[in-house]
Amino acid sequence: MKILFSCDHEEEYKEIFLKELEKITAEKNDNKIYYISDYIPRRSERTTIFRIIKHLYTFFPENKYLIKLYNDSLKKFYTKKLNSFNEEFDFFFTLAKEYSDEFMVTLKNKYPNIKTILYLWDSLELSPYQKNFHKNFDYIFTFDRVDAEKYNFVFRPTFYIDEFRKNLVDFKKREIDLYYIGVDREKRRIEIIEEFYKVFKERNMNLFLKLYNRTKSLEIKEEIQLKEKILYSENMKKVKNSKVILDIAYKGQKGLTLRCFEAIATETKIITNNPEIKKYDFYSLNNVFCFKNIEEIKNIPQNFFLTPYIQVDENIIEKYSIKSFLNEIFKKIN
């Protein structure tokens, strides 16, 4: 089995997924896993000519000559990249990475028998480009139950990586009462985090509620502003040292985020505004608190932070591991 793989959040997941894919295909003959990044050249891969073309295309996106020139340059780049593998791939599997129609056509022309697999961890309502992009794939899996029913995708929740199950801290000994780290993508999210900080700081709780100020266009109070990203490994340590993590769904989002499954893996409680969590087999009133709006934050009981975490069945926890995630996907397409 030969797989061409790519993923979003590559710095966190690339090596982990490559290792897990190698494990689940280890019994297959002639097993090989390859990684492909973007179909657009990265800065270090860009020639002087490409930089000029891209610069002009950015300023004149409607110019037909520049559109063709830009697309031809891209095709030359990713065709060369595909040719460099010198393999006949059985599968192209991408985890939420977006590829152009032209790339997918080139891929299928080069490998006529390849099966293409897409996993979506964003709701289509929140990612308009993917509404058309997904049509290029043979198999589409999604974290969103509603999208699965609406578009005839296969529903499969996201996952946690194995490191989240290791070296857990006893619940009573955890130092952070409430943990959240995210990006300032919308004003509503900032307002929710600010309210959580205000309410629980007044209760003298130990908080780590931070938003990375990426856009610089939205104002964030100093106490919740994160000026530099923290490493994925550091985030993992903080989750393990937290009694409760906060999860905030985007408006219209139905699927559960990675954060929810990382909480299950680390035996951490969850506060979320996504009521869909009540439909999952790990849900319990003791471990999960759902709030509807910003006004309800002040009504979250202090006792939720004090009562011990109730263990989830090990079989349920394993169901959401990265190993089970990949095994389920490849069983359904074989």
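1. Two strands count as paired if DSSP finds at least two bridges between them. The model is a predicted one, and the pairings below are to be read on that basis. In this sense strand β4 is joined to strand β5 (residues 139–142) by four bridges, and the two run parallel. One of the residue pairs to look at is Ile117, whose bridge partner in β5 is Tyr139.

2. On the β3 side, strand β3 (residues 91–95) pairs with β4 in the parallel sense over five bridges. The chain gets from β3 to β4 by way of helix α4 (residues 101–110), and this β-α-β crossover is right-handed. Two partners in β4 can be checked here: Lys115 is the bridge partner of Phe91, and Leu118 is that of Thr94.

3. Is strand β4 mostly buried or exposed? Of the six residues in β4 (residues 115–120), five are buried, so the strand is largely enclosed by the rest of the structure. The cut-off for buried is under 20% relative accessible area.

4. These strands belong to an open sheet of six strands with parallel pairing, in the order β2-β1-β3-β4-β5-β6. The edges are taken by β2 (32–35) and β6 (154–155); each has a single partner strand, so one side of each is left without a neighbour in the sheet.

5. Another open sheet of six strands, with parallel pairing, has the order β9-β8-β7-β10-β11-β12. Its edge strands are β9 (225–226) and β12 (288–290), each of which pairs on one side only. Within this sheet, six bridges connect β7 with strand β8 (residues 207–212) in the parallel sense. Gly182 has Leu211 as its bridge partner in β8.

6. Leu56 is placed in helix α2 (residues 48–59). With a relative accessible area of 35%, Leu56 is partly exposed.

7. How many aromatic pairs does the structure hold? There are 33 aromatic pairs. One of them joins Phe159 and Phe325; the pair is tilted, at 4.8 Å centre to centre and with 50° between the planes. Phe159 lies in the loop between β6 and β7 (176–183), and Phe325 lies in helix α12 (residues 322–333), so the pair ties together parts that are 166 residues apart in sequence.

8. Phe196 is buried, with a relative accessible area of 0%. Phe200 is likewise buried, with a relative accessible area of 0%.

9. Which residues form one aromatic cluster? The members are Phe5, Phe17, Tyr35, Phe91, Phe93, Tyr119, Trp121, Phe159, Phe325 and Phe330. Among them, Phe91 also has a bridge partner in β4, Lys115, while Phe159 and Phe325 are the two residues of the tilted pair described above.

Notes
Residues are numbered from 1 along each chain as its sequence is written. This is a predicted model: local features need pLDDT of at least 70, side-chain atom pairs count only at pLDDT 80 or more; totals for chains, interfaces and linings use all residues. Side-chain values use heavy atoms; hydrogens and water are left out. Buried means under 20% relative accessible area, exposed over 50%, partly exposed in between (1.4 Å probe, protein chains only). A crossover is right-handed if, with the strands pointing away from the viewer, the path from the first strand over the helix to the second runs clockwise. Rings of Phe, Tyr and Trp (its six-membered ring) pair if their centres lie within 6.5 Å; planes under 30 degrees apart count as stacked, over 60 as edge-to-face and the rest as tilted.
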